[in-house]
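Student: Could you take me through a close look at a single helix and its surroundings? I would like one connected account.

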Amino acid sequence: KNNRDNIDALMQLAKYHIKNENSAEAEKVIDDYLRLDANNYEALSIKSSILNARKDFAPAYQLAEKMVNLYPEKENGYIQSVPALMSQREIDKAIGLLDTGYEKTGSLQLLRVSAVVHVSAGKAADAVSMLQTASEKDNSEQLLLLLADAHLANQDNEAAIKVLKDSITQDKTRIESYLALASVYSNKKDNEQTIAVLQDGVKANPDDTKLGITLAGYYEKVGNIDYAIKHYEYILADRPENLIANNNLASLLADHRTDEASLKRAKEIADILKYVNQPIVLDTVGWVYFKTGNITDAIAVLEKVVAAQPNTPIFSYHLGMAHHKAGNSDEARKYLAAALSSGNEFDGRDVAEATLNSL
């Protein structure tokens with residue numbers, strides 16, 4: 001029992017290091033684990049994954065083969081075999097192994113990897129054929145999403161659209177199918193159909209935040225700011241704590257509204273968001289403070305944002321504008337110049353140039 005407890009503790013420690021992206025320490029712990037339990041599936045999976053991540057393909061493949069032999073009904077041995085085979089351009093062998101794995105495990109993850117391998121090898125049509133055959137027995141959303149992706153890789157948008165529409169017809173709660181279909185229309189620059197699909201999705205699934213946020217964001221993308229604001233408010237009516245909706249609504253109100261009620265609403269949101277330790281959120285807070293005349297608070301918040309991410313042009317632009325409003329010409333010049341020096345586009349670039357030229 002003590003030995004089992006020790007082994008379990010090692011696994012938990014390895015997972016802790018992986019979660020914290022410390023693969024070197026995770027590997028040391030897993031090596032200790034494997035000395036105690038050399039055939040453990042989870043430990044072998046972690047070790048082979050670490051080796052593949054650093055492109056140490058030969059030993060990773062040896063462990064993967066061991067997993068396939070010991071655990072043919074489980075997927076990781078097949079998956080971890082692929083990087084070594086692909087590095088040697090053994091495409092057909094990789095596909096054959098994945099097909100065998102799918103037959104034995106029924107794992108959609110293996111189908112997904114197989115489809116990726118087919119597409120990367122220029123065999124998108126074969127991926128479509130394989131997934132169509134699989135879909136005759138399994139019409140789950142996951143499989144149909146894979147089939148739609150294969151059609152897109154095969155440059156057949158209409159076939160992808162049909163698959164996704166069929167998926168939604170089968171089950172109107174399939175959130176990912178709505179999102180995928182909207183993405184296809186968006187890539188075709190068909191704003192009307194994109195919005196229509198997202199609206200249908202929200203109507204059928206009014207409690208799904210992901211669909212609601214996507215619809216509001218698309219309204220913003222096409223310049224329908226009033227609808228975007230209304231939809232963020234609709235989301236917040238039921239989920240007032242939603243961070244993305246709060247952040248985006250405050251930003252829209254500050255950038256596109258000048259009436260007292262809207263700016264007051266933006267400031268109320270900013271006063272709540274100022275405790276969120278994320279630069280993109282704090283940038284919104286600082287910009288709202290700037291727009292509502294709280295310049296000292298704006299500078300204090302935006303200085304923290306720029307210190308955290310000095311190479312993000314829009315953050316430097318916002319801080320430069322706050323300093324300009326405060327009459328700090330040298331600081332304004334410094335941050336506006338930094339924003340413009342990257343050459344990257346950002347909202348307000350014209351204002352930044354004009355303001356810098358005026359100093």
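Tutor: Helix H3 (41-53), helix H4 (57-70), helix H6 (91-105) and helix H7 (108-120) are among the elements that cover the buried residues of H5. Covering here rests on contact, that is, heavy atoms within 4.5 Å. Helices are DSSP runs of H or I with at least four residues, numbered from the N terminus.

A word on the source: this is a predicted model, in which local features need pLDDT of at least 70 and side-chain atom pairs count only at pLDDT 80 or more, while totals for chains, interfaces and linings use all residues. Residues are numbered from 1 along each chain as its sequence is written, and side-chain values use heavy atoms, with hydrogens and water left out.

H5 itself spans residues 76-87. Its buried residues are Gly77, Tyr78, Ile79, Gln80, Ser81, Val82, Ala84 and Leu85, where buried means under 20% relative accessible area with a 1.4 Å probe, protein chains only. Just after H5, Arg89 adopts a positive phi of about 60°.

Now to the nonpolar cores, each a set of buried Ala, Val, Leu, Ile, Met, Phe, Trp, Tyr and Cys residues joined through side-chain atoms within 4.5 Å. The largest has 79 residues, and Leu111, Leu131, Tyr232 and Tyr317 make the most contacts inside it. A second, separate core of 19 residues includes Tyr33, Ile46, Leu51 and Tyr71. As for Tyr317, leaving aside residues up to four places away in sequence, its contacts include Trp287, Tyr335, Leu336 and Phe346.

Methods: Buried means under 20% relative accessible area, exposed over 50%, partly exposed in between (1.4 Å probe, protein chains only). Helices (H or I, at least four residues) and strands (E, at least two) are DSSP runs, numbered from the N terminus.
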